[in-house]
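Today I looked up the ligand site and a few charged pairs.

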Amino acid sequence: MKKILFVTSEAHPLIKTGGLADVCGSLPKALAELSQDIKLILPNYQALKTTEKVRFLCSIRVDNRSVNILETRMPGSHVTVWLVDYPVYYNYPGNPYIDEQGEPWPINAERFALFCRIAVEAAMDRIHQGWKPDIVHCNDWQSGLVPALLSLEQDRPATVFTIHNMAYQGLFTGSTAATLNLPGKLWQPEGLEFHEMLSFIKGGLVYADYITTVSPTYALEIQTPEFGYGLEGLLGHRKESLGGIINGIDLDQWNPETDPYITQHYSATTLNKKLLNKYELQRRFALPVNERIPLLGLIGRLVEQKGIDLIIECIPEMAAMDMQFVLLGSGDKGFEKQLKKLAELYPDNIAIHIGYDETLAHVIEAGADIFLMPSRFEPCGLNQMYSQRYGTIPVVRKTGGLADTVVDTLPETLANQTASGIVFNEASSSSLLEAIKRALILYSYPDTWKKMQTNALKMDFSWQRSAEQYLALYEKLEADTQLSRRGD
Ligand code: ADP
Ligand code: GLC
């Protein structure tokens, strides 16, 4: 049994802004189911939705600050959660990273540096709990200083750093680095420095014993200038210690047979019942209720990554076709405004809900016929997997995890019963439109469509497979650590 400290800035259902939370909510549970001893550590944000008891665990003094650590559990599970409680830094309402105007909280560097320092204290058991992990598994830039700081410790646990998105690097001015009082040894171009800026993500990329990212294709893509944001050289240099492990999905939360948020449950053998969910979705978005008209959906952060600009360009032509389109999301204010305008212009075809709404996300997955995900890049992506599990055919761009989880519909993939979606190559509105047209043609052949839905519904996106891959990696790293200690 391995002891694993899982360091993350979000975990569903405690706190979520995106897929990172889904993963950090599910993977620790999947590892616990494989009999591993795992604890999560995250900041004690005001918006945290705890349902289990919270108790005081200990107090610790770090960098002249006295910080409390609280203990609770992941709702509905036995996985222990340690909450780093320092109200001056974490007791803000709403989003963990940005304010209501979408601006980063001004002291993010300080907030996450302190979080990392406390994670290191926990990793070295300087919080005196009689529990020292074998592995510290860090996620995204907010935890990036952990492998860096741990690299300076004797007898330290092995470290894994998972990249969920290279676009977010935790870059701060060089002068911030000075105020954080970080060990001087880390401040160098081969360390945390990135063009005179402080880069949190480099802490993970340079110092972790192993780097993973959330799909095999993205693991290759980030070694190229297009996806590496200037860090492709470093990643290429570390390629022997870099691999992709595809995310799974929570099969209990995303299950059309039991989903509490949807009108009508259904399965691969009762696909015709999905129709009632379509009616409900059309009603909710005040679109004409019509069985025949194909209904397209999209859920996501409204940012360039997700190809929202491509969608906006396509909408006038989409509205001229015999189809409906519903979108749920929030993000870039410019995109929000343009989308609202288009919905006003085409009220019979296009409906937009700006905001974050978990229930509605389930209603869309169950009710839509087709799900759009034209991402410019996508480290893994979860909605295309949720869609397939709901028999909702995804239209995706061939990038990152989308390329790894959706099988394009072609004569051969129809014949071998793997066709589960529509995949297109180029990040352009004309390619997206072509792909949508291809989906609409296939939709007009009910037998073919049903075959695609059945294939999609049967795909295995369980966490177990991925958790086993992480476990194999932890075992290898621990064996390497022991070997190198013996060699010392
Ligand atoms: P990313 O992490 O890049 O945002 P993913 O596809 O990995 O993309 O995960 C996004 C997650 O956030 C999914 O669970 C999706 O349903 C959810 N989500 C995104 N936007 C919204 C929204 N506006 N309302 C409800 N859920 C949302
Ligand atoms: C990131 C990525 C997304 C991925 C998620 C979870 O937010 O943008 O593609 O699915 O992390 O790993």
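I call a residue buried under 20% relative accessible area, exposed over 50% and partly exposed in between, with a 1.4 Å probe and protein chains only. The model is predicted, with local features needing pLDDT of at least 70, side-chain atom pairs counting only at pLDDT 80 or more, and totals for chains, interfaces and linings using all residues. Residues are numbered from 1 along each chain as its sequence is written, chains are lettered from A and ligands numbered from 1 in the order in which they are written, and side-chain values use heavy atoms, leaving out hydrogens and water.

Entry: I looked up Arg284 and found its side chain in a salt bridge with Glu280, 3.1 Å from N to O; the term asks for a Lys or Arg side-chain nitrogen within 4 Å of an Asp or Glu carboxyl oxygen. Arg284 is partly exposed at 43%, whereas Glu280 is buried at 18%.

**Entry: another pair.** Asp22 bridges to Lys16, with the closest N and O atoms 2.9 Å apart. I noted Asp22 as buried, at 9%, and Lys16 as partly exposed, at 25%.

**Entry: ligand 1.** I counted as near any residue with a heavy atom within 4 Å. There are 21 residues around ligand 1, and Gly19, Arg301, Lys306, Gly355 and Leu382 come nearest. For polar contacts I took pairs of N or O atoms within 3.5 Å. A ligand 1 nitrogen sits 3.0 Å from a polar backbone atom of Asp357, and a ligand 1 oxygen is 2.9 Å from one of Leu382.

Notes:
A polar contact is a pair of N or O atoms within 3.5 Å; within protein, one must be able to donate a hydrogen and the other to accept it, and residues adjacent in sequence count only if both atoms are side-chain atoms.
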